[in-house]
Structure formats: C-alpha cells, structure tokens
Amino acid sequence: MSQDTKYEKSRLLRELHADSTAITELVTARIEHEDIDYGTAALGHDELVTLVADCCAAWLDALAELPYSLEPARRAGRLKAERGIPLESLLHAFRVAGLVFWEIIVESAGHDESAALPRLSTLVWATVDSYSVAAAEAYRRVAAGGTAQPDQGMLRALLDPGLPPGQRAELGRRMRLPDRATSVVLAGDVHLDATGVTTASTVLGDELITLVVAGSPAALARALRTVRARAGASRPFTDLTVAPAALEQARFALRCSGPGETGIHRYASAPERALIAANPDLAADVFADLLAAFDRLDPEDAELLAGTALAWYELGGSTTAVGKHLHLHRNTVLHRLKRIEQLTGKAFASPADAALLYLALHTRLLRAPRGRPDRASAPPGGRRAE
C-alpha cells in the first residue's frame, strides 16, 4: 500500500508524511538539546535521526488508525541500553518526541480539521505510551541479561564506521582512555589481564572484540606477549579515528591464524597467509592437487610430513637444524622431504616448486583443524602465531 493510499482520507496526514524529513530533524534537534545523553558520542547524531524517523513513521500509521510496529521502540531500547544511556533519558526522549510531534500536528491542522484534534491527541499520547513501554521492556531485558555494559556499548560505537570522526575523541574521554596512548584491536577469545593497559571488550557477531590501550608501545608489547589464546591483532594506532579499520584488520588477522595455533597473529605479519586468507576458496582450488597428496595419507602421517616441511622452511632449508629441532636423525628428515617430493611431484631444490609447496602447506594450515600435533608438526621453538 502506498503512503498516499494509506493517508488518502486525511489532508493533514498526507502533509505530515510529505514533511516527514523536516519533522524528524525537528524532533531530533529537540531531543539533543534537552538531554545531554543524546548530545554526546554515546549515540551518534545519524543513529538518532534513523531511530526518530522510524518512530515518526509508525506514529503516522497510528494516527491513521492503521496497524503500526513497535519494533522501532524495541530497537531504540536495546541500542540505548548497550550504549549506557540511562533509562530515564530514554523515556524522556519519547516524551519530548511526542510533545514536538503534537505541536507540529496542531500547527499543521486547518480550521476544517480542528474538530479532529481531541481524537488525534488521544492517538498520539496512547502511541507514545505504547512506545515507551516497549522500549523500556527491551532496555530492561538487555540490562537484566547482562548482554551489554556501558563500556561495551561505547566500544561498539567507537568501532562503528558510521560514527562521525569528530565524536570519537569525545567517546574516548567518556571511556576514560588515556591520551596519546598506543592501542590495538584484538579479535578472538582473549581475556587480557596485564598491568599497564586499559581494556574494553564486546561481542560483535560471534566474535569477542577487545580494545587494548597502553601508555607506550613497549607496555603494549609486554601485555600482548601474555596472550595464549588464538587471536588476531590490528596494527598499533594512536588515533581513534582509525578504530573501525583496526577492527577489520584484527578480524582478517584472525583468519590468517591456523585453527590449531595459539597466540596472536599480527595483521600483515605473514604476507603468504594474508594472500591465502583473502581468498581461501581460490587458494584451495589452486593448490587442490598438492593438498590432495596430503589428504590421501593417514592424518598422523600427513602431520609428520607437513610439520617437517614447515620446520625446513622456518630453519632456512637446513636439514641438520631441522633434525636437532625435531630430535630426528638428519637422514629421517631427508626421507620425509623426499616422500613429499614423490607425493606431490615438486622438488624442494627448485625455488618455484618450493614456493608452491610453501603456499600449499599454509593453505592446509588455515583450511581446517589439524590432527593432534607432535614434535614434527611444531615449527622451531614451538612457534605461535605472529
């Protein structure tokens, strides 16, 4: 049903709908003016405009005595609970919005529609009450369920690319982040407990995201060295305006970490993994024959061969060094490498073949969880993701 058809019985409603953008701007401006919690970075201006527009559209349906949705109210309640905006401010905003909306109706009503104002007043305030109740219920569910805390909501806002850049510094102050700090964003199940850093965490999608802020790069590095869980880290940054980009870097870095690895994989620290993670399906297809050579083996045997080859790459192609690291006789190392050559048709002595095998082995690492690792599957020093 078109808007004209919905409101065809009322000139007033047609005109209000036509002026909906201006009405939204007036309501938003009044809310931001009268409540400090809406004039800060806890909720961006554009976000508030969207919420107000959706509410006003539903209220116009209510005035036309048509079915209207309470979902805009529930969404407002959830979002404001997550951002740490007090419930009192949420309810005050609906009262302010209702008052402005009613003032506009009175000013727009012609002489021939003045008799309808009492009925419209009843509809407006009944709808405002319904919206207030629905928003408060959604707000309390978030608060009671412990699904968000003020810092979580503010961190989500900080990482939101839609937040105007000028509001990020103010948001950082509200989060009590140190000035001129060095920060990283981490993606992964990391619960950092280190001195000298400030952290804030939230869940985005199905990922735990953590902002780590330190007074110096050295303090940040010390804190990250304590992480044992699998995680991806962005590049360090000092300007909060790059926080959304840092979030994407951290997520990508996590995809560059093998499912069986632990520790932090830093963004752009392994170009070969970045190329594979950027298009894993393409990598699996390109290296399908090489991967199949390992897949045909017993899983434990495949792990032994792959681990030996990775150690060979890590240790500069020295079979003697690989033997010492894996506690193997050098001839055993040579035998395993020769088996790989026979299985794949590639030769480690050929730079081009060695490069393809290297990429295929890393594709295998990122593709799926490995079998139980042993000494041969661990790179030198039991290398964690870096």
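These legends go with close-up views of a predicted model, taking in its confidence and its salt bridges. Residues are numbered from 1 along each chain as its sequence is written. Because this is a predicted model, local features need pLDDT of at least 70 and side-chain atom pairs count only at pLDDT 80 or more, while totals for chains, interfaces and linings use all residues; side-chain values use heavy atoms, with hydrogens and water left out.

**View 1. Confidence along the protein chain, from helix α1 to helix α17.** The score here is pLDDT, the predictor's confidence in each residue, from 0 to 100. Its mean over the protein chain is 85, and 88% of the residues reach 70 or more.

**View 2. Two stretches with pLDDT under 50: residues 146-150 and residues 370-386.** For residues 146-150 the model has nine contacts beyond four places in sequence, a contact being heavy atoms within 4.5 Å. Residues 370-386 come with 44 such contacts.

**View 3. D54 paired with R75 in a salt bridge.** A salt bridge means a side-chain nitrogen of Lys or Arg within 4 Å of a carboxyl oxygen of Asp or Glu, and the count by this rule comes to 11. For D54 and R75, the N to O distance is 2.3 Å. D54 is partly exposed at 28% relative accessible area (buried is under 20%, exposed over 50%, partly exposed in between, with a 1.4 Å probe and protein chains only). R75 also has 28% and counts as partly exposed.

**View 4. E207 and R251, joined by a salt bridge.** Their closest N and O atoms are 2.9 Å apart. With E207 in strand β3 (residues 207-214) and R251 in helix α11 (residues 243-255), the pair ties together parts 44 residues apart in sequence. E207 is partly exposed, at 21% relative accessibility.

**View 5. D295 meeting R367 in a salt bridge.** The N to O distance is 2.8 Å. This pair links distant parts of the chain, 72 residues apart: D295 in helix α14 (residues 288-295) and R367 in helix α18 (residues 351-367). Both ends are partly exposed, D295 at 43% and R367 at 39%.

Methods:
Helices (H or I, at least four residues) and strands (E, at least two) are DSSP runs, numbered from the N terminus.
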